[in-house]
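Here is a short report on a two-chain model. Load the coordinates and follow along by chain and residue number.

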Amino acid sequence: MKNRIQELRKARKVTQQELADALCVTRQTIISLENGRYNASLLLAHKAAQFFGITIEELFLFEDDEKGDA
Amino acid sequence: MEKYRKKIEKRCRLDGAVCAGVLALYLVLCRFTHTAGGTGKDVALGIVFGLVIVALCTLIRTASALRDEAKLRAMYIEETDERNAAIAKESAQKSQTVSMVGIAAAAIAAGFFDDRICFALAGAVLFSALVSVVMTVYHKKTM
């Protein structure tokens, strides 16, 4: 699933470590999220959306072809 | 974080108990078993030292984290990180399957050489399978 974490993080001049600390995850998790290698849980998605002050739908881009995935 | 600190303190005590328990078990077995000896005893001693070293390393790491708030927070994040948990879960599932297949293959091979080894390995596979089934049933009921 694509997301706008890197874009929003850079726009707010926040480092990966700062974001990781704020979300209580490791920097590696932030890197994986930004690269799209890892999909966040609902809880982490909620925390990240709260951090950036937007909704989960605005942060995580749920594409049509993913809707059929089990 | 206070809840986590208590958990870590409990872990420290558990590590100390593991060290003492394993050493005590080894000494008791050495004292009361006269038939064991040679390679078997050496392997047992190796396992005892391995367990004690792992428990001591964990004890030192957790004890130092308890004294330093930054280290404790880093340890908390490292342990509760959801990606790490997902990796551990995925690795555990795959390694269990690979281990069971490997031990089953070893049991089949051992059957051609030594009955006792074959039965021991088959028992280990059956025990692993049983634990796996029990855990699956438990989690199906609790989740």
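## Two positive phi values in chain A

Start in the loop between α1 (5-11) and α2 of chain A, where Lys13(A) is found. The model is predicted. Phi of Lys13(A) is near 55°, a positive value, and the residue is not a glycine. Lys13(A) counts as exposed because it has 7 C-beta neighbours inside 10 Å.

The loop between α2 and α3 of chain A holds Cys24(A). Phi of Cys24(A) is also positive, at about 60°, and again the residue is not a glycine. Is Cys24(A) buried, exposed or partly exposed? It has 15 other C-beta atoms within 10 Å, so it is partly exposed.

## The nonpolar core

The largest nonpolar core has 10 residues. They are Ile5(A), Leu19(A), Ala20(A), Leu23(A), Val25(A), Ile30(A), Leu33(A), Ala40(A), Ala48(A) and Leu59(A). The largest share comes from α2(A), with 3 residues.

Take Ala20(A), one of the core residues. Set aside its neighbours within four places in sequence. Ala20(A) is then in contact with Val25(A), Thr26(A), Arg27(A), Thr29(A) and Ile30(A).

## Helix packing in chain B

How do α4(B) and α5(B) pack? The angle between α4(B) and helix α5 (residues 115-142) of chain B is about 155°, and their axes are 8 Å apart. The two helices are therefore roughly antiparallel, as angles over 145 degrees count as such. Their crossing is left-handed.

On the α4(B) side, the contact is made by Gln96(B), Met100(B), Ile103(B), Ala104(B), Ala106(B), Ala107(B) and Ala110(B). On the α5(B) side, Ile117(B), Cys118(B), Leu121(B), Ala122(B), Ala124(B), Val125(B), Ser128(B), Ala129(B) and Ser132(B) take part. By class, the residues of this contact are 13 nonpolar, 3 polar and no charged.

## A residue in α2 of chain B

Ala63(B) lies in helix α2 (residues 39-67) of chain B. It counts as partly exposed because it has 15 C-beta neighbours inside 10 Å. Ile47(B) is 16 residues away along the chain, and the C-alpha atoms of Ala63(B) and Ile47(B) are separated by 24 Å.

## Where the chains touch

Across the two chains, 7 residues of chain B are in contact with 9 residues of chain A. On the chain B side, α3 (69-80) and α4 (82-110) each supply at least two residues. That side has 1 nonpolar, 2 polar and 4 charged residues.

Key. Residues numbered from 1 in each chain as written. Chains lettered and ligands numbered in written order. Predicted model: local features only at pLDDT ≥ 70, side-chain atom pairs only at ≥ 80, totals over all residues. Helix = DSSP H or I, 4+ residues; strand = E, 2+ residues; numbered from the N terminus. Nonpolar A, V, L, I, M, F, W, Y, C, P; charged D, E, K, R; others polar. Axes fitted to C-alpha atoms, helices over the stretch in contact; angles between N-to-C directions. Parallel < 35°, antiparallel > 145°, perpendicular 65-115°, else oblique. Left-handed = near helix turned anticlockwise from the far one by under 90°. Core = buried A, V, L, I, M, F, W, Y, C linked by C-beta atoms within 7 Å. Buried ≥ 20, exposed ≤ 12 C-beta atoms within 10 Å, placed from the backbone.
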